[in-house]
Amino acid sequence: MARLRVYELARQLEMDTRELMKELHELGIEIKSHMSYIDEETVNLLLEMYGTQEEEEELIEEYEEYEEIDEEVNGKHFKNKEGSLEKLQTNKKKNSVKITEEDLKLDKFAEKIGIPQNKIIQDFFMKGEILKPGQSLNLQLAKKIAKMYDVRISFENEEKEEVIENPLIEIEKYFEEKYKNPENLKERPPVVTVMGHVDHGKTTLLDYIRNTRVAEREEGGITQSIGAYQVEVNGKKITFIDTPGHEIFTEMRARGAQATDIVVLVVAADDGVMPQTIEAYNHAKSANVPIIVAINKIDKPNANVEKTKQELVNKLNLIPEEWGGDTIVVPISAKKGQNVDTLLEMILLVAEMQEIKGIPDGPVRAVTIESKLDKGFGPVANVIVKDGILKIGDYIISGKVMGKVKALVNDQGKRVKEAGPSTPVMIVGFEELPDSHGIVYSVDSLDKAREISEKIREIEQKELRRKRHMKLEEILKMMEQSERKELRLVLKADTQGSLMALSGAINKLRSEEISINIIHSGVGSITVSDVMLATASDAIILGFRVKADSQARKMAEAEGIQIKTYTIVYKLIEELQAALEGMLEPEEIEEITGRGEIKKVFKIKKVGSIAGVQMIEGYVEKDGLVKVYRSGKLVYEGKIESLKHYQQDVKRVDAPQECGIKLENFDDIKEGDELEFSVLKKVARKLTFEEDKGEK
Ligand SMILES: Nc1nc2c(ncn2[C@@H]2O[C@H](COP(=O)(O)OP(=O)(O)OP(=O)(O)O)[C@@H](O)[C@H]2O)c(=O)[nH]1
C-alpha cells in the first residue's frame, strides 16, 4: 500500500481519526494534522499491527473451521440449537470432578467437567491458544482448562493413595531422631554373620568358636541354640549369628531387620572362590556391610592361599590388605582352630573402626533371627537386642503380634532378667507366633500394644487386597519420584557365556542420571534367595533362558517383585533401554523458528521501544527467545515481552507478516537489526551406548 494521509489510514483501520492520531503520537510518530502523510512502510506496519476488517473475518472463519471439525468428530452439539440445549442440560458444569487417565482427551475432559468442547476451544482461541477437538491433554493443560471454568479436578489414583499410617513407622522415626544425636549412642558388641560356599567350613568355624569360647564362660551349661551366641575376646564381646548363610541374612534385611554388622566370608583354600562365594559376597555388598575374608582349610595339603587371594581379586575385586587393598584376609583352619583368634581380633578391629553403636536406654528395638512354637514356652522369638534393655514385664509388639515378656532365656539356656544391645535372647510371652525375621519393639502399655496390633492387622488386610506385581514401569516411576535414579537388577542366565554377554550389554547402557546396578548375577534358575535379595534392594529380576522355581515365583508374587524372563538378548536389552529412556529427563534444546528484521522503531513513553518487525522466514512465538544481531554482532539475547499482530496480542506470527515486538528489558534496538527467534524444546533423550560414544 502506498503512503496515506492520517484520515485515510484511519478509515482503513476503521478507527476514529483522533484516536489514530493519539496512537501514532504514542508510537512516537510525529503527526501535524489529520492531513499529514504517513510513509508507505509505516502504513504497512500499522495495517499489520492494527488489523483490518478482512483480517478479523479471516480469524472468525478459521474458528468456524474448528467448529466444523468438532462437529465431524463429536457429532452435532452446541451449534445446532436443539442439540445444544440437550447437551447443555446433560452437561451441566461441575464444581469438582475426579478424572482418570482416560479423561485426558479434550472431548472426554469437556464432557467430564460439563463444558462443551466447542466453548473451550473458542475460549482458548480467544486467548490465542489453539486446541483441537479430541486432542490429548497433558496434566498441566487439563488443570489450566479446569481452572478457567473454576472446576476442581482430582485424580482418582491420587485419592486412592490415602493409606493408614503405619504406627511402626512412627516408632522407627523416634529411633532415627535419637540416632542423630551421638550423645545418645553407646558402643555395642558387633553382630557377625558367617557366609560362604557350601562345605567351605562355615559351621565348623562357628562351632569351633562357640565350643572354645563359650566353654570358657559357662562350665557344663546346656547350650540351647537360640539362633545366635555371644563370645568374649580380650574382654570384648562378639555376637555370632548361628545360622550361617546369606539367605537368612538377606531375608532379614528384606524385612527391614538388618542384624549383621560384619560379614565373615569363608573361602576354602583348596576350592577357591565358588559361585556361592560370589553370591554371598553380592548379598553382603548390597547391604553395605564390611566383609572380612577367612581363607579356611589351610591345614589341608592342597590348600593354596595365594591362589585363593588371587581369585578374590579377580572374581570379587576384593584386594587383600597385604597387597595394598583394604580387605582383611585371615588364613585359618576352622577344624584345627589355627589362626581363629586372629580372625576374632580382626573382627574386633573392624568393629572398632566401624563404630558400631546402639541406644542403651529407652524403648527396645530387637531383631528377630527366628521364631518358633516351643513345646513348653509356646510362641517364642529369638532376637538380638539392638537398642534399649529388654526386661521381663515389658509390653512388646512385633508386626501385628503383641505380648508381654514372661521370660528371657540367654544363649546358654539360662533365664535372665534383662538383655541389652547386641545380646541374643529368647523371648517368651508373645500371644501368637511373630514374624520369623521381623523387629520387636517395646511399648509403654498393654493398650498401646493392642492399638498398634489392630492397626497393623488392618493395614495388612488392605495390603493383601491391593497386592499385585510391581512392574518395571512402576519401579521406574517410583525412581522418578525419588532422587535415586539407579535401576537395580538381579540377573540370572543359563550359562556363564550368556551371563557375560548380557552383563556386558547391560553395562553399556549409560546415562548421566540413571545408572544400572547389577547387584547380583549368576547361572541357574531364579531362586528364593534371588527374590529375597531383590526385595531387600528394591531390584527387579531378569532371567535369560532360565525360569523361576515355583517357590521363588510364589515369594516374588507375595513380595511384589517383578521377574521378567527372556530368550533373546536384544529383546531384554531393548525393553530395558526403552524403559530407561522413558524416565530420562527430557533435554531442553533451542530450536530456531524464524528470522526477522527491524524495519522501524517506535518509542513509546512509559513502555519503551517497540520494534516494527518484518518476518523474513519462519515464525516468532511470544513465549520464545530472541537474539538481536547488529552488523553480525550479537547485541541482545533474551525474551519477548509482548508480541502484537495488529491490535491483538498474539502467540505467534509467521513470515511474511509483520509484527510489533517489545523485548524484555532491552530498548536499545535500531532499524536494520536482525532478529533470530527460537523456542526451547523438550526432546526425549536417548540412552547412549558406549560404542556410540566413539562415533560422535
Ligand atoms: N581339613 C579341614 N577341613 C575342614 C575345615 N573346616 C571345615 N572342614 C570340613 O569341611 C566339611 C564342610 O564343613 P562345614 O563346616 O559343614 O561347611 P559349611 O560351609 O558349614 O557347609 P554347609 O553347611 O553345607 O554350607 C566338613 O567335613 C568339615 O569337617 C578345615 O579348616 N580344615
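At 39% relative accessibility, Arg 652 is partly exposed, a term for values between buried (under 20% relative accessible area) and exposed (over 50%), with a 1.4 Å probe and protein chains only. The model is predicted, so local features need pLDDT of at least 70 and side-chain atom pairs count only at pLDDT 80 or more, while totals for chains, interfaces and linings use all residues. Residues are numbered from 1 along each chain as its sequence is written, and side-chain values use heavy atoms, leaving out hydrogens and water.

**Salt bridges in the whole structure**
- Side chains of opposite charge can pair when their charged atoms come close.
- A search of the whole structure finds 27 salt bridges, each defined as a side-chain nitrogen of Lys or Arg within 4 Å of a carboxyl oxygen of Asp or Glu.

- Arg 652 forms a salt bridge with Asp 654, with the closest N and O atoms 2.9 Å apart.
- Asp 654 is partly exposed, at 28% relative accessibility.

**Lys 627 and its partners**
- Glu 590 and Lys 627 meet through their side chains in a salt bridge of 3.2 Å, N to O.
- This pair links distant parts of the chain, 37 residues apart: Glu 590 is in strand S27 (residues 587-604) and Lys 627 in strand S29 (residues 625-630); strands are DSSP runs (E, at least two residues), numbered from the N terminus.
- Glu 590 is partly exposed at 40% relative accessible area, whereas Lys 627 is buried at 15%.
- Lys 627 also forms a salt bridge with Glu 637, the closest N and O atoms being 3.9 Å apart.
- Because Glu 637 lies in strand S30 (residues 633-645) and Lys 627 in strand S29, this pair ties together parts 10 residues apart in sequence.

Terms used. Helices (H or I, at least four residues) and strands (E, at least two) are DSSP runs, numbered from the N terminus.
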